[in-house]
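Here is a short walk through one chain, written for someone who would rather look than calculate. Keep the viewer open while you read.

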Amino acid sequence: MTIIFLLIGISLLVALLFLGGFLWAVRSGQYEDDYTPSVRMLFDDEPE
């Protein structure tokens, strides 16, 4: 029974780490521009 409480605690810790990482990514602006990366590959050709 003790192992279940230990596993629940570890899983909550991992979930909080992922939530913190996600919030850090959102606040740093990684999800602000979701259109340009999808069309950037169309305009990367350099004139020769």
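## Ground rules

Keep in mind that this is a predicted model, where local features need pLDDT of at least 70, side-chain atom pairs count only at pLDDT 80 or more, and totals for chains, interfaces and linings use all residues. Residues are numbered from 1 along each chain as its sequence is written, and side-chain values use heavy atoms, with hydrogens and water left out.

## The whole chain

The chain has two helices and zero strands. Both terms refer to DSSP runs numbered from the N terminus: H or I with at least four residues for helices, E with at least two for strands. Along its principal axes, the C-alpha trace spans about 70 × 20 × 15 Å.

How much of the chain is buried? Of the 48 residues, 4% are, with buried meaning under 20% relative accessible area, exposed over 50%, and partly exposed in between (1.4 Å probe, protein chains only). The accessible surface comes to about 4900 Å², and 68% of that belongs to carbon and sulfur atoms. Those areas come from the Shrake-Rupley method with a 1.4 Å probe; for residues, only the protein chains shown count as cover.

Helix α1 covers residues 2-27.

Ile4, Ile8 and Gly9 all sit in α1. Ile4 counts as partly exposed because its relative accessible area is 44%; Ile8, at 42%, is partly exposed too, and so is Gly9 at 36%. Ile4 and Ile8 also belong to a nonpolar surface patch of about 1200 Å², whose other members include Met1, Phe5, Leu12 and Phe18. Patches take residues with over 30% relative accessible area and no salt bridge, joining like charges within 9 Å and nonpolar side chains (Val, Leu, Ile, Met, Phe, Trp, Tyr) within 5 Å. A salt bridge here is a side-chain nitrogen of Lys or Arg within 4 Å of a carboxyl oxygen of Asp or Glu.

Gly9 and Thr36 are 40 Å apart in space and 27 residues apart in sequence.

## The loop after α1

Gly29 is in the loop between α1 and α2 (36-40). Just after α1, Gly29 takes a positive phi of about 90 degrees. Its relative accessibility is 23%, so Gly29 counts as partly exposed. From Gly29 to Phe18, 11 residues away along the chain, the C-alpha separation is 17 Å.

## Tyr31 and its ring partner

Tyr31 is in that loop as well. Which residues does Tyr31 touch, leaving aside its neighbours within four places in sequence? Phe22, Ala25 and Val26 are in contact with Tyr31, where contact means heavy atoms within 4.5 Å.

Rings of Phe, Tyr and Trp (its six-membered ring) pair if their centres lie within 6.5 Å; planes under 30 degrees apart are stacked, over 60 edge-to-face, and the rest tilted. By this rule there is one aromatic pair. Phe22 and Tyr31 form it, tilted, at 6.1 Å centre to centre with 45 degrees between the planes. Phe22 is partly exposed because its relative accessibility is 45%, whereas Tyr31, at 54%, counts as exposed.
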